[in-house]
Amino acid sequence: MGNPKAFLTIHRQEAGYRPVHDRIEDFSEVEQTLNSADRKNQASRCMDCGVPFCHWACPVGNKQPEWQDMLYKGKWQEAYMILAETCDFPEFTGRICPALCEKSCVLKLSADEPVTIRENEAAIMEAAFREGYVKPVHPERNGKRVAVIGSGPAGLTVANRLNHKGYEVTIYEKHELPGGLLRFGIPNFKLSKVVIDRRIRLMKEEGVIFVLNTEIGKDISTKELIEKYDAVCVAIGSEVPRDLPIEGRDLEGVHFALDLLGQQNRILEGIMPQPEDLISAKGKKVLIIGGGDTGSDCVGTCNRHGATKITQIEIMPKPPIHDNPATPWPMYPMILKTSSSHEEGCERRWLLNATRFIGDKNKLKAVEVEEVSWEKTDDGRMQMKPTGKKEIIEADLVFLAMGFVHPIQEGIISELGLAVDNRKNIAVDASQKSNIDKVFACGDATSGASLVVKAMASGKKTAEAIIKYLK
């Protein structure tokens, strides 16, 4: 490493966010960036620790110490080349990954000041596009054709890997634009869709074919697809939200979180909903049920709409701040996360379970919630217990952000006439459970809802499996 002692004198410096009063007026990305000199200084903090836990923790196997060293030395192109070997889309992960690498950084474990790996990754990728280091790849074609169902991070990764190996790849996407939940689930203030469009243009230039507004099983049969291609990859994601079937669920004003997030992203793309379908939080009291990232995204969106009050409730206990002895490394630290959206204005509450939606003339007016407690059973499992203490929270809008149903459990895969063998990430015939050896599956379609970086890692492994099969 160029400066193995820099971590002793240079502290972690994050780029931070745009000022709240400025960012809530638009949907542009909230995260700022450091100048090149500061970014190189941050890269110099990578201490050549000998056993790079960051590399071990990264689902796609990024070689962080290697490209940090190149960045520190000002060799931006070399840093990009090393990064691109393992990560197909660093411009995505550099923005929205929870940075598992940083949670395992030796400087995190020893001094609680991990290297700014995620920000450095994004900076390298932006420099690569800006300086023209990213060039289209035009491999010699091998005559094999592969279809990918779904254009989320897993499907894009499979397609990108196979295309670079000479396979002709066609991606089928049921929505108007490619990207999956990157496009219609993650707000623009976290991931600008210009970033996605830039990558899609590159993939098209490299030969990947995108077929939009086409749903497999409806517009094209699964059988037809299997007969037409040498291999098929199911990468449909996990986008069926978990419902809350309590009294008043059908009241006007109760929505799934993705109803809001998807619609807002479409509006920013110029795809306008029908007036009667428009969801607006302007001037309204909003209750968000679910304390995760999707709920946080609803908070940020409603702040930009001009909601008068936003409350986010979570059924689980409030996590510890900063450190949690119950989840020591190498476990993922379950600590309180305060997002940029929370900073913009939101009341957060824990240990509350929604028990009833209250309305008037079919319109939502309030939500009844009950305090709960959690106790460990004899077999070690945590069990929720109602306390009987209830209250009413006024709300004009409710967004359900309670996670997603596993696509295998929901039967989404079987609607395609397929099932999935989780152990092998291959698809099998849903009726007879016999292997269809030319059909594969990856990403959230097999694991259930997970991280973008884990979907990309699954896409890498599945691409390797498809190549091995076709050879």
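Trainee: Which residue of β2 stands opposite isoleucine 149?

Mentor: In β2, tyrosine 172 stands opposite isoleucine 149. Before going further, note that this is a predicted model, in which local features need pLDDT of at least 70 and side-chain atom pairs count only at pLDDT 80 or more, while totals for chains, interfaces and linings use all residues. Residues are numbered from 1 along each chain as its sequence is written, and side-chain values use heavy atoms, with hydrogens and water left out.

Trainee: In which sense do β1 and β2 pair, and over how many bridges?

Mentor: Strands (E, at least two residues) and helices (H or I, at least four) are DSSP runs numbered from the N terminus, and two strands pair if DSSP finds at least two bridges between them. Here strand β1 (residues 145-149) pairs with β2 in the parallel sense, over 5 bridges. Valine 148 also has an opposite residue in β2, namely isoleucine 171.

Trainee: Are β1 and β2 mostly covered or mostly open?

Mentor: A residue is buried under 20% relative accessible area, exposed over 50% and partly exposed in between (1.4 Å probe, protein chains only). In β1, 4 of the 5 residues are buried, and the strand is mostly covered. Strand β2 (residues 168-172) is likewise mostly covered, with 4 of its 5 residues buried.

Trainee: What is the strand order of the open sheet formed by 5 strands?

Mentor: The order is β5-β12-β6-β7-β8, and the pairing is parallel. The edge positions belong to β5 (254-256) and β8 (347-350); each has a single partner strand, so one side of each lacks a neighbour in the sheet. On average, neighbouring strands of this sheet are turned by 20 degrees against each other, direction ignored. Within the sheet, strand β6 (residues 285-289) pairs with β7 in the parallel sense over 5 bridges, and isoleucine 288 has glutamine 312 in β7 as its bridge partner.

Trainee: What order and pairing does the open sheet of 3 strands have?

Mentor: That sheet runs β9-β10-β11 with antiparallel pairing. Its edges are β9 (352-360) and β11 (382-394), each with a single partner strand, so one side of each is left without a neighbour in the sheet. Its neighbouring strands are turned by 20 degrees against each other on average, direction ignored. The antiparallel pairing of β9 with strand β10 (residues 363-376) extends over 8 bridges, and alanine 354 stands opposite valine 369 in β10.

Trainee: At roughly what angle do helices α5 and α9 cross?

Mentor: Axes are lines fitted to C-alpha atoms, for helices over the stretch in contact, and angles between N-to-C directions run from 0 to 180 degrees. Helix α5 (residues 76-86) and helix α9 (residues 117-131) have axes that come within 9 Å and cross at roughly 110 degrees. Angles under 35 degrees count as roughly parallel, over 145 as roughly antiparallel, 65 to 115 as roughly perpendicular and the rest as oblique. The angle makes α5 roughly perpendicular to α9. A crossing is left-handed if the near helix is turned anticlockwise from the far one by less than a right angle, and right-handed if clockwise; that of α5 and α9 is left-handed.

Trainee: How does the crossing of α2 and α4 read?

Mentor: The axes of helix α2 (residues 36-44) and helix α4 (residues 64-72) come within 8 Å and cross at roughly 140 degrees. That makes α2 oblique to α4. The crossing of α2 and α4 is left-handed.

Trainee: How many aromatic pairs are counted?

Mentor: Rings of Phe, Tyr and Trp (its six-membered ring) pair if their centres lie within 6.5 Å; planes under 30 degrees apart count as stacked, over 60 as edge-to-face and the rest as tilted. By this rule the count is 6 aromatic pairs. One of them joins phenylalanine 53 and tryptophan 329 in a tilted arrangement, 4.7 Å centre to centre with 45 degrees between the planes. This pair links distant parts of the chain, 276 residues apart: phenylalanine 53 is in helix α3 (residues 53-57), and tryptophan 329 is in the loop between β7 (309-314) and α16 (340-343). Ring pairs link Phe53, Trp56 and Trp329 into a cluster. Phenylalanine 53 is partly exposed at 25% relative accessible area, and tryptophan 329 counts as partly exposed at 34% relative accessibility.

Trainee: Over which ring does the charged end of arginine 198 sit?

Mentor: A charge sits over a ring if NZ of Lys or CZ of Arg is within 6 Å of the ring centre and within 35 degrees of the ring normal. The charged end of arginine 198 sits over the ring of phenylalanine 129, 3.8 Å from its centre. Arginine 304 lies over the face of phenylalanine 189, 4.1 Å from the ring centre.
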